Amino acid sequence: MDWINQLSPLWQFTLISSVKILCVFSVLMFIVAYAVWVERKVAAAIQDRIGPNRVGIFGLLQPLADAGKAFLKEDFTPDHVRKAYYWLAPAIVMTPSLLTVAIIPFGSYLGGEKMVIADLSVGVLYTFGIVSLGVYGIVLAGYAANSKYPFLGGIRASSQMISYEIAMGLSVVPVFLMVGDLNLTAVVQYQAGSLFDWLIFKQPLAFAIFVAAMFAEMNRLPFDLPEAEQELAGGYNVEYSSIKFALFFMGEYAAMTVGSALLVTLCLGGWSLPFAGLDQPASTWLGGFLHIGIFLAKMLFVEFTIIWVRWMWPRFRYDQLMNLGWRRLVPLGLANIVVTAVVLWALAK
Amino acid sequence: MTPPEPSSYLVLALLLVAALLFGLTPLALAWLWARFFSPAKPGPTKHAIYECGLESRGDAWIQFRSGYYLYAILFLIFDVETVFLLPFAVAFGGLSIGGFVAMMVFILLLAEGLVWAWQKGVLAWK
């Protein structure tokens, strides 16, 4: 390991960051691939079917088969599309979820190295900036297709996503009122003390609004109007096939994974558990890996719940969706901010 | 090792490149594969607009509700509000009574805006 120490600090930092980015991407993509498999298996179990079981034992190699198929299928471009946007949209859909990962602390320390790609002081502000970009890929796809159903899907997606982004933004303000810092590492440390320091218990309303808004931002049932199969035949991605369609699919699951990670960090204690010394940043390698394991376990639990909800709930109508967003969640979020601020103020004086 | 703050943003640049490559590489590879190993087989039906198997009528430039726009305008107001609320949350610990009251008035004004829009019926999806 001598040669690492001989590099200049900047190069050391760049090298270590690149390794982190590589590791996080690999783990994320592995989870994305198997989330699809889990989704199909869970759906099958709920609907009393068997699900994928042909490729490998329990169909475990299904993600590989799907990827191979998507890659080798004929990648044709319909005549009527706007070609440049048509090509760009799938790549743009993937990017925001990958960028959001940067500030999520997925562990405490591993060999003296902080387990977060970029420990920004502006933390969550960056997240909201990037999450807003997520809508572009979908709207662009709807516009590029130059066809009715994708167009409607794109329009619906834009209105839905910007509405719930506000609910989401308002819901987290009380969290930061309590923590007093936008940095997500600080948010995790605030929650590390005991189970009742977890913000799901201290701010149940904020948690509830955030979860609802998260579902809407990810276009998952019960908020999946942009791709409602029965009305729009699939929505914004109707005109796509082969690898481009696969990218939309992966983008959706990546957004889901990153959303779960964000929820775990903000409300469910991040990498910490309130016993056996797991609430302190790790000083050993074993402790470091244990914290990453805890974080992944919590995240996968949330992700499983998201999949479960999809097969249990019917879809909202569009007016119900807008009603819930603007007339329920936004006022509730505002009230929650005022109440939290006044109570905290009264306690401090 | 805690890097100086600019370096954390340097990582973001690195990440942006990685993320863009991640999306564009499969597209490029698939394009290369299609170019060399799978000849295109175009057809009028295959390249037509997809609409449930029926032939498409009219233009894709359909009229849609103006309601979508109204929500977009409201969004602008409230999104900026959220951005203002976050620094307030961070500075909350050391805030004087004046600052606290000023912020409450700010929230009140926005709540008033929401109530006004509600009264006007903008928030009702008809």
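**Two predicted chains, value by value**

Author: Of the 349 residues of chain A, 52% count as buried.

Reader: What makes a residue buried or exposed here?
Author: A residue is buried if 20 or more other C-beta atoms lie within 10 Å of its own, exposed if 12 or fewer, and partly exposed in between, with C-beta atoms placed from the backbone. This is a predicted model, in which local features need pLDDT of at least 70 and side-chain atom pairs count only at pLDDT 80 or more, while totals for chains, interfaces and linings use all residues. Residues are numbered from 1 along each chain as its sequence is written, and chains are lettered from A and ligands numbered from 1 in the order in which they are written.

Reader: Why is Ala89(A) called buried?
Author: Ala89(A) has 29 other C-beta atoms within 10 Å, so it is buried. The residue lies in helix H4 (residues 83-100) of chain A; helices are DSSP runs of H or I with at least four residues, strands are runs of E with at least two, and both are numbered from the N terminus. Leaving aside residues up to four places away in sequence, Ala89(A) touches Gly137(A), Leu140(A), Ala141(A) and Ala144(A), where contact means C-beta atoms, placed from the backbone, within 7 Å.

Reader: What makes helix H6 of chain A an enclosed element?
Author: The count is 31 buried residues out of 32 in H6(A), so the helix is largely enclosed by the rest of the structure. H6(A) covers residues 148-179 and reaches 47 Å from its first C-alpha to its last, close to the 46 Å expected at 1.5 Å a residue (the rule is 1.5 Å times one less than the number of residues).

Reader: How do you know that the buried residues of helix H3 of chain A line one face?
Author: The buried residues of H3(A), residues 62-72, are Gln62(A), Pro63(A) and Ala70(A). Seen down the helix axis they fall within an arc of 95 degrees, so they line one face; the arc is that of the directions from the axis to the C-beta atoms. Leu64(A) and Gly68(A) are exposed on the face turned away from the buried side. Helix H2 (9-46) and helix H11 (242-267) of chain A are among what covers the buried residues of H3(A).

Reader: Which element of chain B gives the most to the side that touches chain A?
Author: In total, 55 residues of chain B are in contact with 65 residues of chain A. H1(B) gives the most to that side, with 19 residues. By class, the side has 44 nonpolar, 7 polar and 4 charged residues (nonpolar: Ala, Val, Leu, Ile, Met, Phe, Trp, Tyr, Cys and Pro; charged: Asp, Glu, Lys and Arg; polar: the others, Gly among them).

Terms used
Contact = placed C-beta atoms within 7 Å.
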